[in-house]
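Please walk me through this model in the viewer. Tell me what to select at each stop and what is there.

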Amino acid sequence: MWNRAILGLAALVWSSLFGQVQSQEKFKTLVGPVQVAPVAKGVPPVPYLTWGGDVATFLANGDMKTKKGSTFDKLGLDVQLVPGDDFIAQVRNYMTGKTPFLRGTMHMLGLASEVTGSDPRTKPVVILQLSWSAGDHIVGRSAIKKLNDLKGKKIACQQGGPHVGLLYDSLSAAQLTKNDVTVVWVKDLTGANGPAEAFRKDPSIDACCVITPDLIGLTSGFDSVGSGAEGTVEGAHLVNSTQQMSRSIADVYAVRRDWYDANKPFVEKFVAGYLKGTEDLVALRKGFNDTQKMSEPYKQILMLSQKTFGKEVLPTLDIDAHGLLMDCSFVGLPGQISFFRDKGNLSGFEAKMAEALNLATTWGYADVRLGFDPNTFDYKEIAKLGGITYVEPSKTERFNPTAESTDKFLGENLDANTIVSFTINFEPNVQEFSVDRYGAEFQRAIKAASTFGNAKVVIRGHSDPTKTLMDLVQSGLEKGILKQSGVAGNFRYFYDGKPLDLTNTKAIADLIKAGAFSGGKADPLVTFQAALNLSKNRADAVRDAVAGFAKQSGVNLDMSQIVPVGAGVIEPVIAKPRNLEEAKENMRVEFRIVRVEAEAIAPSDFNF
């Protein structure tokens, strides 16, 4: 699999401006002084990025210059596609009127917002979402098991590129800020001056933000751990990926406000033509995936992509050019409606703009919050223009409940697949969870479900083991199979002639489940099972409370993504509590964002 950064082309401009661990510069400083001017007349230059989502633009246009008979040509459009990986140059051209278009991610628009919003004429109107990324990742050393573990750590990231947004969203999911980590800014997205090489050479760097080829180079694979051989880094493994955090990097087109108001019919045709190109391209891609036979139209568009991006970027058509498209999750027409119109979408326009402006102001790219506007299209008319079927976003469940066993959400398998987690504690015997008390945690869980669109939100209830241990001791002494020595507060126990450590929860649980201590007046197996049932009931109650909170708040929540699991007493924070306060630490409900197999996600042509 490949992604937008296969070359690191997006980093070319930054490589001349930034060095490792350099302090943050304002975006307006990077752009330099510009004089706002009206948009030049004539054929508008439309920038593109080295990314699969832009291949649909190529298909709609027929070539870099609008080709006769192409979708854009049939709509009466005439555009010139131009390279746009130099985002600073894009912003300069946009401000000075050389082009009315901006091509970037929502995060990148946020970085530039103080510049583009400085004049009402140039305030961006976001006209189109192209896609979501599925090919950007965070790799960590062996000590970094999940995003929570990044606190206090050193992370390598390319300055100013798409991974700034990836890092921001990843830290936010763990409720961390830039001040909780040390960011090692590097020049390029990949290569000798990229994050992967910095991670490889400097053992003090704990994690790095990388593209797919660098992920494989460091770890040898998505599900692998680096051995230290053949260029891999010992212990290096995948910590987070936009394959699971699938609503992080949103690719968009925006145009200047003055040009939008004066040329709305042109803009509507451009959007309609792109969406038609998307549908055509997705059908061609699917045909190749299904048959492994490349149709001539698909071969032609892959060859155009190879020619445009360069053979050094896409050496082969069937692996590299096709792989570039496989890392791209197109959103199509339903995605536009969901992104721009659905107020309950926590990964929609308003939410993504707020995140982008938070990033810009809190990370030092901007001093003030100057946002951008959504388009005002009638999407039924857009569909007619493009000759595509108008389809509302589906509300069907995205996850197959039978694809994975709940065993995946217990024990070592769960730990290995957990991306981020957080916990709420409660008083003894609590089985109801009010919004007044737990609303902030519910909101965080719903937001995580939206951002990590291809992961499960596992709600795990836990119980305190104290009563189970007391019943085990009482039953064991009563039956004579347990020996006790020492004094109160410092008792030692022996079972079958060997020391029995009551803090070894797994060994204790195995004995209880085997019935070793059953048969007495106090049966620990009964208590153990009751605690398991109680923890499952708590997890169910939290799931229901979260669902109620989402409905009350008017936000979307796919309940097929939520998995309640009872862990019982098998994973205590404190294995043998000494008092009620320690026991309360075990009384908790834990939220985990967990990777799932691809088969667990219902297939769909468009990802929204």
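This is a predicted model: local features need pLDDT of at least 70, side-chain atom pairs count only at pLDDT 80 or more; totals for chains, interfaces and linings use all residues.

**Stop 1: a loop glycine**

Select Gly480. This residue lies in the loop between helix H20 (466-479) and strand S15 (482-485). Is Gly480 buried or exposed, or something in between? Its relative accessibility is 37%, so Gly480 counts as partly exposed.

**Stop 2: a histidine in a helix**

Move to His322, in helix H14 (residues 317-326). His322 has a relative accessible area of 7%; because that is under 20%, it is buried. Show side chains here. Which side chain makes a polar contact with that of His322? The partner is Asn289, at 2.8 Å. Next, display the surroundings. Leaving aside residues up to four places away in sequence, His322 touches Arg285, Phe288, Asn289, Tyr298, Leu302 and Leu317.

**Stop 3: aromatic rings**

Colour the aromatic residues. There are 27 aromatic pairs in the model. Zoom in on one of them, Phe349 and Phe372. The pair is edge-to-face, with 6.4 Å centre to centre and 75 degrees between the planes. Phe349 lies in helix H16 (residues 349-362), while Phe372 is in the loop between H16 and strand S12 (373-374), so the pair ties together parts that are 23 residues apart in sequence. Check accessibility on each side. Phe349 is buried, at 2% relative accessibility. Phe372 is buried too, at 2%.

Then select Phe72, Phe101, Tyr253, Trp259, Phe266 and Phe270 together. Ring pairs link these residues into a cluster. Arg103 lies over the face of Tyr253, 5.8 Å from the ring centre. For another arginine over a ring, select Arg141 and Phe199. The charged end of Arg141 sits over the ring of Phe199, 4.0 Å from its centre.

**Stop 4: a cavity**

Finish inside. How many cavities of 30 Å³ or more does the structure hold? The count is 3. Select its lining: Pro465, Thr468, Leu469, Leu502, Thr505, Ile508, Ala509, Ile512, Phe528, Val569 and Ala575. Colour by helix next. H20 and helix H21 (505-513) each supply at least two residues of this lining. H21 gives the most, with 4 residues.

Methods. Residues are numbered from 1 along each chain as its sequence is written. Side-chain values use heavy atoms; hydrogens and water are left out. Buried means under 20% relative accessible area, exposed over 50%, partly exposed in between (1.4 Å probe, protein chains only). A polar contact is a pair of N or O atoms within 3.5 Å; within protein, one must be able to donate a hydrogen and the other to accept it, and residues adjacent in sequence count only if both atoms are side-chain atoms. Contact means heavy atoms within 4.5 Å. Rings of Phe, Tyr and Trp (its six-membered ring) pair if their centres lie within 6.5 Å; planes under 30 degrees apart count as stacked, over 60 as edge-to-face and the rest as tilted. A charge sits over a ring if NZ of Lys or CZ of Arg is within 6 Å of the ring centre and within 35 degrees of the ring normal. On a 1 Å grid over the protein atoms alone, a cavity is a set of points where a 1.4 Å probe fits but cannot get out, and a pocket is an open set with protein on both sides within 12 Å along at least five of seven lines; lining residues have an atom within 4 Å of a point. Grid points are joined across faces, edges and corners, and a volume is the space filled by probe spheres set on the points.
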